[in-house]
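Q: I'd like to learn how to read side-chain contacts off a model. Can we take it one feature at a time?

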Amino acid sequence: MKKKLKIPNKPLSLDINNHNYTVRFIEGEKAQYGSDEVEILGAISMRNCDIIVEREMKDSKILEVLIHEVLHGVTYGTSLGLTETQVQVLANSLFKLGFGEYLWIKMGGQYDS
């Protein structure tokens, strides 16, 4: 049986490029960041060192979106110039390799028993 993520009500934290990012799990706020054509499941603010992830998703999608936003943080200010599609392809691949579980544990995420 696969472990179920225990989505916290309080923010978690994660260091990215020597900056401490707050990771918050929100619901219903994603409309502020999207449009009628685009659904935003997560977002990152490099200025505020803040990541938000929609909490109303399957665990696998939460972990994939978390990886996606972390990749934006890792590559911010580099000459890589990754497109959204390239970031998503990398996020999907890293998710398949178990990187989402690694990030979850690194942030202090818990599992329901």
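This is a predicted model: local features need pLDDT of at least 70, side-chain atom pairs count only at pLDDT 80 or more; totals for chains, interfaces and linings use all residues.

Q: Where do Lys61 and Glu64 lie?

A: Both belong to helix α1, 3 residues apart, which is about one turn of the helix. Lys61 is partly exposed at 30% relative accessible area, while Glu64 is buried at 11%.

Q: How many salt bridges does a search of the whole structure find?

A: The search turns up 3 salt bridges. The general idea is that side chains of opposite charge can pair when their charged atoms come close. Take Lys4 and Asp59, whose side chains meet at 3.1 Å, N to O. Lys4 sits in strand β1 (residues 4-6) and Asp59 in helix α1 (residues 59-75), so this pair ties together parts that are 55 residues apart in sequence. As for accessibility, Lys4 is partly exposed at 46% and Asp59 counts as buried at 16%.

Q: Which residue forms a salt bridge with Arg24?

A: That's Asp50, with the closest N and O atoms 2.8 Å apart. Here the link is between distant parts of the chain: Arg24 is in strand β3 and Asp50 in strand β5 (residues 50-54), 26 residues apart. Arg24 is partly exposed, at 27% relative accessibility, and Asp50 is buried, at 18%.

Q: Now the rings. How many aromatic pairs are there?

A: For rings, look at the distance between centres and the angle between planes; planes over 60 degrees apart count as edge-to-face, and those under 30 as stacked. The count comes to 2 aromatic pairs. In one of them, the ring centres of Phe25 and Trp104 are 5.7 Å apart and the planes stand at 70°, so you read it as edge-to-face. Phe25 lies in strand β3 (residues 19-26) and Trp104 in helix α3 (residues 99-106), so the pair joins parts 79 residues apart in sequence.

Q: Are Phe25 and Trp104 buried or exposed?

A: Phe25 is buried, with a relative accessible area of 7%. Trp104 is buried too, at 0%.

Q: And what about Phe99 and Tyr102?

A: Their rings are stacked, 5.5 Å centre to centre with 20° between the planes. The two residues are in helix α3, 3 residues apart, about one turn of the helix. Phe99 is partly exposed at 28%, as is Tyr102 at 45%.

Q: Which ring does the charged end of Lys3 sit over?

A: Over the ring of Tyr111, 4.3 Å from its centre.

Q: Which residues have the most contacts inside the largest nonpolar core?

A: To read a core, follow buried nonpolar residues joined through side-chain atoms. The largest one has 24 residues, and those with the most contacts inside it are Val23, Phe25, Val53, Trp104 and Met107. The elements giving two or more residues to this core are β2 (12-16), β3, β5, α1, α2 (84-96) and α3. Helix α1 gives the most, with 7 residues.

Q: What does Met107 touch?

A: Leaving out residues up to four places away in sequence, Met107 touches Leu12, Ser13, Leu14, Val23, Phe25 and Leu66.

Technical notes:
Residues are numbered from 1 along each chain as its sequence is written. Side-chain values use heavy atoms; hydrogens and water are left out. Rings of Phe, Tyr and Trp (its six-membered ring) pair if their centres lie within 6.5 Å; planes under 30 degrees apart count as stacked, over 60 as edge-to-face and the rest as tilted. Helices (H or I, at least four residues) and strands (E, at least two) are DSSP runs, numbered from the N terminus. Buried means under 20% relative accessible area, exposed over 50%, partly exposed in between (1.4 Å probe, protein chains only). A charge sits over a ring if NZ of Lys or CZ of Arg is within 6 Å of the ring centre and within 35 degrees of the ring normal. A salt bridge is a side-chain nitrogen of Lys or Arg within 4 Å of a carboxyl oxygen of Asp or Glu. A nonpolar core is a set of buried Ala, Val, Leu, Ile, Met, Phe, Trp, Tyr and Cys residues joined through side-chain atoms within 4.5 Å. Contact means heavy atoms within 4.5 Å.
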